[in-house]
Amino acid sequence: MHPGGARGARSIAPLAQITPFGATLKILRRPSPALSFWISFFVLHFLLFLPVVLMDREDGDILPSFHFAGLSLEQIWVNIVVWRREPDLLRFNSEIVLFVALWALVRPLRHVVVRILFVVTYLLVFFYYLYEGASLTFFSVEPVFYTQLRMATEGFSFFLQNARVTTAFVAGILVLIGGGAALVARIALYVLPERGPGPATRAVMVLLVLLIALQALFRSELLARPEMVFSSITAKLIRNIGESRRIYLDVQQIETSEAAPSEDYSQFDLVERPPIYIIFCESYGSVIYKRNDWRSLYRELTARLEQELAGAGWHAASALSLAPTWGGGSWMSYTSALFGMRVSSDPQYYALLDKYEAGGYPHLGQFLKEQGYQYYRLTALSMGLPEAQWEKYASFYGVDRWLQYEDLNFVGPEYGWGPAPPDQYSLNFARETIRNETEEPFLFFTITQNSHYPWAPQPVLIESWERLNKPGPPPPPSSELIEHAERRQNYWNAIEYQLEMLTDFILREPNDQAIFVLVGDHQPPRVSRREDGWDTPLHIIAKDAPFVASFKEYGFTSGLAVWEPEPAFRHEGFLSMFVRQLLTAYGGGAELPHYLPEGVPVGEKGHQPTLTPH
């Protein structure tokens, strides 16, 4: 019996009731083979691009919106069938199209083994597109196997150890995979019919094949790009492997180089030694400048906080800095700033970690320790690491005292990713601990936790931070099943809390000589888009007005807000810039070290975001 007959229709009915494509599958019960073919053909492609559309709610849309006013015919053609920036479902995979075309045009290929091969191939293509969509949505980079291999092995094991993954969760994932395979197998009966499609369908497939051939001939360098209407999994794999090889060579260069690639700061001395706080603010990205609603709120917030700081004698200068990562990977961002080296991938980071696990790299912490500073660091996450791993990180960063969750003696409600205590409690507890332990000048480094995705729920800023440390009911868990507008509001709430909390933390600082550096680690995932760029705000705050004003030569402007459209410098340029300005203000007048706006070179230059110099 033909697959579209009564028996096939009865087998589809239960599936139609439990899948989001139930209505489509009901239509497939109609006796028109051509209609069944084209519906199945489009559904298969819709499924490929559905994950990125659902994940990327800033850019993604179900169907593309076309605006042809003022466009030439060539531009209209490109927009419809060649290239669209925003994700949508009306896209195609070239290999799937070619596979279906060969089935339609070459009769000997119409065999059950070929259909099974098609299902297997489709599932592999689907998982790659899912992988690509996640990489683009959360990190704004096209996937690179070698880059994400370490993250997949190290990070996934860490996730399993701390996320309390249940058997039901694993069983649910397996059921989804099995159900997806069954769905594709059923749809394949219609897109690869035993008798083959009619002449009109074959003619259209020939036209699609010709279109793919023309694009392969004239736009081969773009076929791997996710913006292409007809993208190619072959081109994506070739690009991925090529990028993996490039980063592998960078890692090899790090591993085999004999000397630490950085300027030697040991010859310089500080006469005065003010306490220094370097605080990275999780997910604090320049996207807040690039949405009208956030921009207005941010302008009001920074004006109010700036006035509070000025009233207490604090001065601020701010700029945008180009981060080496997007949407995640905070460790690469702050390591780039502290080490003066652009670390933009996990393999690079772990190559550095393995090479300098006993210390010895000339980073900011080492320079300040040579000047008599004590180096403190805080990690407030309740997720734990083995003690040997902590020791490795402490040696790598040269930390004298690493305050961890267990040191905070916290018994109150915890929030967000980790979870973690309120940042107000963690930072103030750390400062009190430092002041009780040492009279020496100190460098304090941390990254905030409460503005980590998913940004809800948020703690409340209170007058007395000690009162946060009392038992109470845990906050309600966050959910992914919320409207995008609510997610955007949650992000703003998190940034508002962070900036108010950090301002309060600065205002409570008892040492008038203290210097605060507040830096965003990367753009936030889910609520920003690739065109927002990779830049994040950076603030220098101190009561020493000439010291703060000295950063204007690097593109900083007075105050907390930055309205320049381009970043002034890169994270990897921070080390050399900051050391120069410390020596200028507090040194003995010796010749200054060089300013390295792009940091020290690491491996090949590779593909770096463009920075427009001031």
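Leaving aside its neighbours within four places in sequence, which residues is Leu123 in contact with? In this predicted model, where residues are numbered from 1 along each chain as its sequence is written, local features need pLDDT of at least 70 and side-chain atom pairs count only at pLDDT 80 or more, while totals for chains, interfaces and linings use all residues. Side-chain values rest on heavy atoms, with hydrogens and water left out. Beyond those sequence neighbours, Leu123 is in contact with Ala181 and Val184, contact meaning heavy atoms within 4.5 Å. Leu123 has its place in helix H6; helices (H or I, at least four residues) and strands (E, at least two) are DSSP runs numbered from the N terminus. From Leu123 to Ile177 the C-alpha to C-alpha distance is 9.3 Å, across 54 residues of sequence.

A cavity is a set of points, on a 1 Å grid over the protein atoms alone, where a 1.4 Å probe fits but cannot get out, and its lining residues have an atom within 4 Å of a point. Points are joined across faces, edges and corners, and a volume is the space filled by probe spheres set on the points. Searching the whole structure gives four cavities of 30 Å³ or more. The largest cavity has a volume of about 160 Å³. Its lining comprises 16 residues, with Val52, Pro87, Glu132, Leu136 and Pro226 nearest the centre. At least two lining residues come from each of helix H3 (33-55) and helix H6 (112-139), and H6 has the largest share, four residues. Sorted by class, the lining of the largest cavity holds seven nonpolar, one polar and eight charged residues; here Ala, Val, Leu, Ile, Met, Phe, Trp, Tyr, Cys and Pro count as nonpolar, Asp, Glu, Lys and Arg as charged, and the others, Gly among them, as polar.

The second largest cavity has a volume of about 70 Å³. Among the residues that line it are Tyr284, Thr302, Leu499, Ile506, His539 and Leu560. Helix H11 (292-311), helix H17 (484-507) and strand S9 (535-542) each supply at least two residues of this lining, and H11 gives the most, with four. The lining of the second largest cavity has nine nonpolar, three polar and no charged residues.

Next come the nonpolar cores. Such a core is a set of buried Ala, Val, Leu, Ile, Met, Phe, Trp, Tyr and Cys residues joined through side-chain atoms within 4.5 Å. Buried stands for under 20% relative accessible area, exposed for over 50%, and partly exposed for values in between (1.4 Å probe, protein chains only). Within the largest nonpolar core, which has 63 residues, Ile278, Leu364, Phe547, Phe556 and Phe578 touch the most other members. Helix H19 (residues 574-586) gives the most to this core, with eight residues. Apart from this core lies another, of 50 residues, including Ala380, Phe442, Tyr491 and Val527. Setting aside neighbours within four places in sequence, the contacts of Phe556 include Ala317, Leu538, Ile540, Phe569 and Met577.

Rings of Phe, Tyr and Trp (its six-membered ring) pair if their centres lie within 6.5 Å, with planes under 30 degrees apart counted as stacked, over 60 as edge-to-face and the rest as tilted. By this rule there are 52 aromatic pairs. Phe42 and Phe46 form a tilted pair, because their ring centres are 6.3 Å apart and their planes stand at 40 degrees. These two residues are four apart in helix H3, so about one helical turn separates them. Phe42 is partly exposed at 29% relative accessibility, and Phe46 is partly exposed at 23%. For Phe505 and Phe516, the centres lie 6.1 Å apart and the planes at 85 degrees, so this pair is edge-to-face. The pair links distant parts of the chain, with Phe505 in helix H17 and Phe516 in strand S8 (residues 515-520), 11 residues apart. Phe505 is buried at 1% relative accessible area, and Phe516 is buried at 0%.

One aromatic cluster includes Phe280, Tyr349, Trp390, Phe396, Tyr397 and Trp402. In helix H15 (residues 387-397), Trp390, Lys392, Tyr393, Ala394, Phe396 and Tyr397 are buried. The buried residues of H15 pack against helix H12 (330-339), helix H13 (346-355), strand S5 (374-378) and strand S6 (401-403).

Conventions. On a 1 Å grid over the protein atoms alone, a cavity is a set of points where a 1.4 Å probe fits but cannot get out, and a pocket is an open set with protein on both sides within 12 Å along at least five of seven lines; lining residues have an atom within 4 Å of a point.
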